[in-house]
Amino acid sequence: MLTPGTPPHFNQPTNSLTPSHSFSPLLLALGLFACAPAKSGTGDSGGTDGGDGTDGTDGTDGTDGTDGTDGTDGTDGTDGTDGTDGTDGSGDCSEDLPETNTGEAFINEYVASNASGLQDASGAYPDWIELYNPSGSELSLAGWAISDDFCEPRKFPFPTDLSIPAGGFIILMADNDIDSTGGGEIHVPFKLSADGEDLLLMAPGDSVADRLTFGVMANDTAAARIPDGSDTWDFVTHGTPGETNGTGR
Ligand SMILES: [Ca+2]
Ligand SMILES: [Ca+2]
C-alpha cells in the first residue's frame with residue numbers, strides 16, 4: 001500500500017541496475033521501464049549482417065508403418081444352376097411306341113449266336129432274323145424299318161424295292177455289315193447280343209408291326225414262333241431260316 005507523499009519502495013534484486021534514475025509509479029504499473037535518456041550526436045553504424053545459418057541436418061527416416069490388417073473374407077459364391085435332366089434310359093423308350101402291333105408282318109425267328117448254322121455268301125456265320133408275311137399277297141417293305149433299339153426305331157430303313165412274298169419269308173443278316181451285298185443278301189447295321197436285347201419291326205408312319213425283347217440265347221439256337229406268326233415261341237437248334245418253322249433241322 002502506497003502512502004501519499006512517501007516515495008515508493010521496491011525490494012530490488014541485488015544484481016539489478018543501480019537506481020540512478022527515478023521511477024514513475026504509473027510507468028511501473030504499465031510495465032514500462034525507461035532507462036538512460038537519449039543522447040545527441042551521430043548514430044553508430046549498424047553491424048554487418050550475420051552469415052546464413054547452416055542448413056539443418058536431415059531428419060531421420062520415419063519408422064516403417066505397421067502392417068495393414070487382413071482383408072475380410074470374400075462372400076460365398078452363388079449356388080450353381082441345376083443340371084439338366086438326364087436322357088431316358090433305353091428301356092423307357094418302349095413307352096414312346098404305340099401299344100399294339102399291326103401284325104402285318106412278324107419277327108418270326110432269330111439266332112443271336114451262330115457258330116455252325118446259316119452261312120452267308122462270304123462264308124461267315126452271321127446272327128440272323130427271319131421276317132414272315134402272313135397275308136395272301138406280297139408285302140412291300142418300302143417305308144419299313146428294323147432296329148434293335150427302341151430308342152432308335154428306324155435304325156435300318158429297308159431298301160424301297162424289298163418285299164416279302166405272300167405267306168413267305170426273308171432273311172436279314174445281323175452282322176453290322178450293310179456294305180456286304182453278295183448273293184443279294186440284306187445285311188443290317190447291328191448284331192444280336194447273345195445276352196439278350198430288343199427287336200423292333202416298324203411299318204410305315206409310326207406303326208409297329210412287331211416287337212419283342214429276348215434274354216440269353218444259347219449258341220446255335222434259334223427262337224422260333226411255332227407255328228409261324230403265332231404267339232408261341234420255342235427254341236430250335238440252328239432254326240429254319242427262310243422256311244416254315246417247326247420243320248427242318
Ligand atoms: Ca450275336
Ligand atoms: Ca423259319
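What pattern does the protein chain follow when read along the sequence?

1. Overall make-up. The model under review is predicted. Its protein chain has one helix and 12 strands, and, read along the sequence, these follow the pattern α-β-β-β-β-β-β-β-β-β-β-β-β.

2. Burial and contact range. The protein chain comprises 249 residues, of which buried residues make up 22%. Where contacts in the protein chain link residues at least 6 apart in sequence, 57% of them join residues at least 24 apart.

3. The sheet. An open sheet is formed by six strands, arranged in the order β8-β7-β2-β1-β11-β12, with mixed pairing. At its edges lie β8 (186-187) and β12 (233-237), each of which pairs on one side only.

4. The pairing of β11 with β12. Strands of a sheet pair through backbone hydrogen bonds, in either a parallel or an antiparallel sense. For β11 (residues 221-225) and β12 the sense is antiparallel, and the pairing extends over five bridges. Within this pair, A223 has F235 of β12 as its bridge partner.

5. The largest nonpolar core. This core holds 37 residues, and those touching the most other members are A105, Y110, W128, I129, L131, L172 and L201. At least two core residues are supplied by each of β1 (106-111), β2 (127-132), β7 (169-174), β9 (197-202), β10 (208-214) and β11. Strand β7 provides the largest share, five residues.

6. The surroundings of L172. Which residues does L172 touch, not counting those up to four places away in sequence? They are W128, I129, L131, I146, I186 and V188. L172 is also listed with W128, I129 and L131 among the core residues that touch the most other members.

7. The position of P153. This proline is placed in the loop between β4 (145-147) and β5 (156-157).

8. Contacts of P153 across the sequence. With neighbours within four places in sequence left aside, P153 is in contact with L97, A145, S147, L200 and M202. P153 and L201 are separated by 48 residues in sequence, yet their C-alpha atoms are 7.9 Å apart in space. L201 itself is one of the core residues that touch the most other members.

Key:
Residues numbered from 1 in each chain as written. Chains lettered and ligands numbered in written order. Predicted model: local features only at pLDDT ≥ 70, side-chain atom pairs only at ≥ 80, totals over all residues. Pairing = 2+ DSSP bridges. Helix = DSSP H or I, 4+ residues; strand = E, 2+ residues; numbered from the N terminus. Core = buried A, V, L, I, M, F, W, Y, C linked by C-beta atoms within 7 Å. Buried ≥ 20, exposed ≤ 12 C-beta atoms within 10 Å, placed from the backbone. Contact = placed C-beta atoms within 7 Å.
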